[in-house]
Amino acid sequence: MAASESEEIDVAKEFNLLPIIFETIQALQKTNDPQEFTKKVNGFRAKLQHCRALLDKIPGIEMSCEEQKELLIKCKTQYTEKCELLRNYRNLPVFAEAFVKETK
């Protein structure tokens, strides 16, 4: 399953490694066939590679925690400023009159 930017990933499903680990252990205990066990181990490795690939696609992964916190603070500040500007613009007479006319 290739995850595109618009596609939602079911994290619980994609990163649930317990079933495949359990199957590998069962194959080791019940089977004397090394090929069967090798198939299970290879399947586990493929699942791990898939999980790593998904983790590498997370946006912002290249940023440190401090950089992410700084960006979050910056975005929150911008959001607050823009909300304040919107409130100020709504209170301007031009917009206030238009709003009153629309509600009538």
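Mentor: Let us begin with a definition. A salt bridge is a side-chain nitrogen of Lys or Arg within 4 Å of a carboxyl oxygen of Asp or Glu. The general idea is that side chains of opposite charge can pair when their charged atoms come close. Please note that the model before us is predicted.

Trainee: How many salt bridges does that rule give here?

Mentor: The count comes to 2. In one of them, Lys40 pairs with Glu23, and their closest N and O atoms are 3.8 Å apart. Lys40 belongs to helix H3 (residues 34-56) and Glu23 to helix H2 (residues 18-30), so this pair ties together parts that are 17 residues apart in sequence. Lys40 is partly exposed, at 25% relative accessibility, and Glu23 is also partly exposed, at 37%.

Trainee: Which residue meets Arg87 in a salt bridge?

Mentor: The partner of Arg87 is Glu84, with a distance of 2.6 Å from N to O. These two residues are 3 apart in helix H4, so about one helical turn separates them. Arg87 is partly exposed, with 44% relative accessibility; Glu84 is partly exposed as well, with 37%.

Trainee: How should I read the word "buried", and what share of the residues is buried?

Mentor: A residue is called buried when its relative accessible area is under 20%, and exposed when that value is over 50%. Of the 104 residues in the protein chain, 8% are buried. Thr24, in helix H2, is buried, with a relative accessible area of 12%. The side chain of Thr24 reaches the backbone oxygen of Ile20 at 2.7 Å.

Trainee: What is the nearest side chain of opposite charge to the buried Glu14, and how far away is it?

Mentor: That side chain is Lys47, at 4.5 Å. Glu14 lies in helix H1 (residues 11-14), and a polar contact of 2.6 Å joins its side chain to that of His50.

Trainee: How many disulfides are there, and are the cysteines Cys51 and Cys65 buried or exposed?

Mentor: A disulfide is a pair of cysteine sulfur atoms within 2.5 Å, and by this rule the count is 0. Cys51 is buried, its relative accessible area being 6%. Cys65, in contrast, counts as exposed, at 53%.

Trainee: Where does Leu92 lie, and how accessible is Leu92?

Mentor: Leu92 lies in the loop between H4 and H5. With a relative accessible area of 36%, Leu92 is partly exposed.

Technical notes:
Residues numbered from 1 in each chain as written. Predicted model: local features only at pLDDT ≥ 70, side-chain atom pairs only at ≥ 80, totals over all residues. Heavy atoms only, no water. Helix = DSSP H or I, 4+ residues; strand = E, 2+ residues; numbered from the N terminus. Buried < 20%, exposed > 50% of the residue type's maximum accessible area, 1.4 Å probe, protein only. Lys, Arg positive; Asp, Glu negative; His and termini not counted. Polar contact = N/O pair within 3.5 Å; in protein donor to acceptor, adjacent residues only side chain to side chain.
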